[in-house]
Amino acid sequence: MKHWNGEDRRASMNRALHLRREIEAFEEKWPTPSPPAESMPSFCWSQLERQLVDLAASPTQAEMAQHLISATRKLAGFKPPEMVMREILCLTWVLLDENFHHGDTAAAAP
């Protein structure tokens, strides 16, 4: 069992508060539709991951898919479904972007 010191607790609390503020801002901008809209078909995280790997623009981006999906999945239970969907759309954009060059600082220069 990990023993938390004061600095670890503060850092964890700051991350939690930051996440809470992100969620509140999202919910303020995008309130839940009333009455509930028609649902999308369900799928699992592994299905999403394998489809994004298959669609990725490069082998590097395909490799990134696992890490991006894992990070999204870990916090998904705390966020509204529409916020998770938005994050999936954003990471999909990164994975499909043929001009994205991970770690290539020359590619980022104007």
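Let's start with where α2 touches α4. On the α2 side we have W45, L48, L52 and L55. On the α4 side they meet V84, I88, L91, T92, L95 and L96. Sort that contact by class, and you get nine nonpolar residues, one polar and no charged ones. Keep in mind that this is a predicted model.

Now the geometry. Two packed helices are described by the angle between their axes and by the distance between those axes. Here, α2 covers residues 45-55 and α4 covers residues 81-96. Their axes come within 9 Å. They cross at roughly 25°. Angles under 35 degrees count as roughly parallel, so α2 is roughly parallel to α4. And the handedness? α2 passes α4 in a right-handed crossing.

Next, empty space. Rolling a probe the size of a water molecule over the atoms shows where such space is left. In this model, the largest pocket holds about 780 Å³ of space.

The largest share comes from α4, with seven residues. By class, the lining divides into 16 nonpolar residues, four polar and three charged.

V84 in α4 is part of the contact with α2.

How values were computed
Residues are numbered from 1 along each chain as its sequence is written. This is a predicted model: local features need pLDDT of at least 70, side-chain atom pairs count only at pLDDT 80 or more; totals for chains, interfaces and linings use all residues. Side-chain values use heavy atoms; hydrogens and water are left out. Axes are lines fitted to C-alpha atoms, for helices over the stretch in contact, and angles run from 0 to 180 degrees between N-to-C directions. Helices (H or I, at least four residues) and strands (E, at least two) are DSSP runs, numbered from the N terminus. Angles under 35 degrees count as roughly parallel, over 145 as roughly antiparallel, 65 to 115 as roughly perpendicular and the rest as oblique. A crossing is left-handed if the near helix is turned anticlockwise from the far one by less than a right angle, and right-handed if clockwise. Contact means heavy atoms within 4.5 Å. Ala, Val, Leu, Ile, Met, Phe, Trp, Tyr, Cys and Pro count as nonpolar, Asp, Glu, Lys and Arg as charged, and the others, Gly among them, as polar. On a 1 Å grid over the protein atoms alone, a cavity is a set of points where a 1.4 Å probe fits but cannot get out, and a pocket is an open set with protein on both sides within 12 Å along at least five of seven lines; lining residues have an atom within 4 Å of a point. Grid points are joined across faces, edges and corners, and a volume is the space filled by probe spheres set on the points.
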